[in-house]
Amino acid sequence: MSHSDLQGGLVNKYAVDITKKDTNGKYVRLDSLPEKQQYDTTHGTQVAGLIIAKGNNKKGIAGAARGWYNTSCQVMPIKVSSGLESNGDVFNDDDVNPVISYSDLIKGIDYAIKSGAEVINVSISDSSEEHKSELQSRSGLVCRLLLEKK
């Protein structure tokens, strides 16, 4: 989250970890966590970079939505992974993906909509047949909610 190409492109005010709540019952802000706990994998940071990386700064790439001229596009990081592997161990980047529960995923999408997100990117995979139709129907619901919000 501290990469120089992302500076100014993150909506830190709404950046939270959906899987943790503070003593007031609010989602824990990502910037209040140690950097190692802000993310489980680098996937979200990579996707954010593809969207909002600063252009023409002699570093990395120019993001597709922010690039050189459009500085108004921002990303609202919302962590939906508990940081645990399927066996209950703490995720340690050993080719096992951290578990993401569907309830946390839905909470994250709901939080993004309520916080004013206009576009939502959810890049996860689930190869099980039982979840494919649920995931597809939820995707349609998200699109309808975002359109109705306008």
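Student: How many aromatic pairs does the count come to by this rule?

Tutor: One aromatic pair. The model is predicted. Tyrosine 27 and tyrosine 111 form the pair.

Student: Why is the pair of tyrosine 27 and tyrosine 111 called edge-to-face?

Tutor: Take the distance, then the angle. The ring centres of tyrosine 27 and tyrosine 111 lie 5.7 Å apart, and the limit for a pair is 6.5 Å. Their planes make 90°. Edge-to-face requires over 60 degrees, so the name applies.

Student: What makes this pair a tie between parts apart in sequence?

Tutor: Tyrosine 27 belongs to strand 2 and tyrosine 111 to helix 2. The parts are 84 residues apart in sequence, so the pair ties them together.

Student: Is tyrosine 27 buried or partly exposed, and how do you know?

Tutor: Its relative accessibility is 22%. Buried means under 20% and exposed over 50%, so tyrosine 27 counts as partly exposed.

Student: What does tyrosine 111 count as, and why?

Tutor: Buried, because its relative accessibility is 16% and the cut-off is under 20%. Tyrosine 111 also belongs to the largest nonpolar core, which has eight residues. Among the others are Val16, Ile18, Val80 and Tyr102. Strand 1 and helix 2 each give two or more residues to this core. Helix 2 supplies the largest share, five residues.

Student: What lies apart from that core?

Tutor: Another core, of six residues. Leu6, Leu10, Ala48 and Ile52 are among them.

Student: What makes strand 2 and strand 3 edge strands?

Tutor: Three strands form an open sheet, in the order 2-1-3, with mixed pairing. Strand 2 (27-29) and strand 3 (78-79) each pair on one side only. That puts them at the edges.

Student: How do you know that strand 1 and strand 2 pair?

Tutor: Pairing needs at least two bridges. Three bridges join strand 1 to strand 2, and the two run antiparallel. Lysine 21 stands opposite tyrosine 27 of strand 2.

Student: Where does helix 2 pack?

Tutor: On the sheet, where helix 2 touches strand 1, strand 2 and strand 3. Its direction makes about 125° with that of strand 1.

Student: Why is aspartate 17 called buried?

Tutor: Its relative accessible area is 0%. The cut-off is under 20%, so aspartate 17 is buried. This residue lies in strand 1. Aspartate 17 touches Tyr27, Val28 and Lys79, among others.

Student: What makes the link between aspartate 17 and threonine 19 a polar contact?

Tutor: The contact joins their side chains at 2.6 Å. The limit is 3.5 Å between N or O atoms, so the distance qualifies.

Terms used: Residues are numbered from 1 along each chain as its sequence is written. This is a predicted model: local features need pLDDT of at least 70, side-chain atom pairs count only at pLDDT 80 or more; totals for chains, interfaces and linings use all residues. Side-chain values use heavy atoms; hydrogens and water are left out. A nonpolar core is a set of buried Ala, Val, Leu, Ile, Met, Phe, Trp, Tyr and Cys residues joined through side-chain atoms within 4.5 Å. Buried means under 20% relative accessible area, exposed over 50%, partly exposed in between (1.4 Å probe, protein chains only). Helices (H or I, at least four residues) and strands (E, at least two) are DSSP runs, numbered from the N terminus. Contact means heavy atoms within 4.5 Å. Axes are lines fitted to C-alpha atoms, for helices over the stretch in contact, and angles run from 0 to 180 degrees between N-to-C directions. A polar contact is a pair of N or O atoms within 3.5 Å; within protein, one must be able to donate a hydrogen and the other to accept it, and residues adjacent in sequence count only if both atoms are side-chain atoms. Rings of Phe, Tyr and Trp (its six-membered ring) pair if their centres lie within 6.5 Å; planes under 30 degrees apart count as stacked, over 60 as edge-to-face and the rest as tilted. Lists of a residue's contacts leave out its neighbours within four places in sequence.
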